[in-house]
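Please have a look at the sequence and the 3D view first.

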Amino acid sequence: MRTAIIEGDGIGKEVIPEAVSILDYFNETYHWGVEKVPVEVGLGKWERTGSAITDEDITLLKSCDLILFGAITTVNDPSYKSVLLRIRKELDLYANIRPILPVPGVYKLLKIKDRKEADVNIVIVRENSEGLYSGIEEIGDEKSTTLRVVTKKASERIAAIASDLAAERKNSLTVVHKSNVLKSDKLFLDTCKQVAESKGVNVSDKLVDFFAYDLIMSPEKYDVVVTTNLFGDILSDLGAILLGSIGLAPSANIGDKQAFFEPVHGSAPDIAGKGIANPIAAILSLKMMFDRRGKKREAGLINRAVSAAIHDKIVTPDLSGKYSTKEVGAFILSKVRQYDAASFCLEDPDGLL
Ligand code: IPM
Ligand code: MG
């Protein structure tokens, strides 16, 4: 099994090694035969070579089944195109799965009293291939336009993924849209409803502005949420409030051939190099990779080890701790080893993929 490892820029270089050491542990202990393929792309490469990602990099990524990705800095230079968006497009990673599930103990750690962890267990399923990310733009001095594309085909395939996920959970799907203003969203809404109904999933819908408010005020009302590209982008950062820190938010980008796992946070140039980035989002992204590969026990061990870090307050400054990225990573790895050796046989209860 070929697994590409992209550290990228900024804190990507700090958090990904912590996830990789957990992957290495399982790979070596259980002889999984994972072949790691390091791939260098991003701003660092652009500065060095003039190209942030090459056709060869894309070919290399296409030869891998799984990709673990850190973060990439995008600069405001007309010749610099987003690497992440190119990878999503070329590999057709059309479903972006973003769970909003607090790590047990985090509300206590952060003294969050106005909501309960048990009330928050949501998955945002973000359409990842079109919408306002179509890339079809005309940029001028007096007028600039970006074309928002909604197709039935892309809406159907994202609705199918979201509905199947809903069927495995509470059988409840919410379509988030703005069809009162954007008529393109009527096609998205109608298609999602049709697909969900054909699969026997209970479906309702909300306008995105109200949903943004309600997500934070009444998260217990939601389970699986499907939405268009930009709304999903914004709502997943907003939803990270319910996690206590964006440093705890993992995600998966799924296509028919490959799956790509990344923390929701970016490269965070403001804290890069200080060794204080929270590695948990990257480690939970690895956990999602394990879920995807059916490694439920190992995913469960990671969950438990991450909870132990929260419980023992071995956390980075975003969670009011004083520990470094490396110290938190090393602690979580030590707990993974300890629980593994003790033969905990815990299936990951929240396996999403
Ligand atoms: C995300 C990021 C990306 C996006 C950027 C870096 C292109 O914000 O994964 O949420 O907009 O999708
Ligand atoms: Mg984003």
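Is Cys192 buried or exposed? Cys192 counts as buried because its relative accessibility is 0%, where buried means under 20% relative accessible area, exposed over 50% and partly exposed in between (1.4 Å probe, protein chains only).

A word on the source: this is a predicted model, in which local features need pLDDT of at least 70, side-chain atom pairs count only at pLDDT 80 or more, and totals for chains, interfaces and linings use all residues. Residues are numbered from 1 along each chain as its sequence is written, chains are lettered from A and ligands numbered from 1 in the order in which they are written, and side-chain values use heavy atoms, with hydrogens and water left out.

Cys64 is buried too, at 2% relative accessibility. A search of the whole structure for disulfides (cysteine sulfur atoms within 2.5 Å) turns up 0.

Now to the rings. The structure has 8 aromatic pairs, meaning rings of Phe, Tyr and Trp (its six-membered ring) with centres within 6.5 Å; planes under 30 degrees apart are stacked, over 60 edge-to-face and the rest tilted. One of them joins Phe69 and Phe260, tilted at 35 degrees between the planes and 4.9 Å centre to centre. This pair links distant parts of the chain, 191 residues apart: Phe69 is in strand β3 (residues 66-71) and Phe260 in strand β12 (residues 259-263), strands being DSSP runs (E, at least two residues) numbered from the N terminus. Phe69 is buried at 2%, and Phe260 is buried at 0%. Ring pairs also link Tyr25, Phe26, Tyr30, Trp32 and Phe290 into a cluster.

Finally, two arginines lie over ring faces, with CZ of Arg (or NZ of Lys) within 6 Å of the ring centre and within 35 degrees of the ring normal.

| Charge | Ring | Distance from ring centre |
|---|---|---|
| Arg126 | Tyr133 | 5.1 Å |
| Arg304 | Tyr339 | 4.9 Å |

Technical notes
Helix = DSSP H or I, 4+ residues; strand = E, 2+ residues; numbered from the N terminus.
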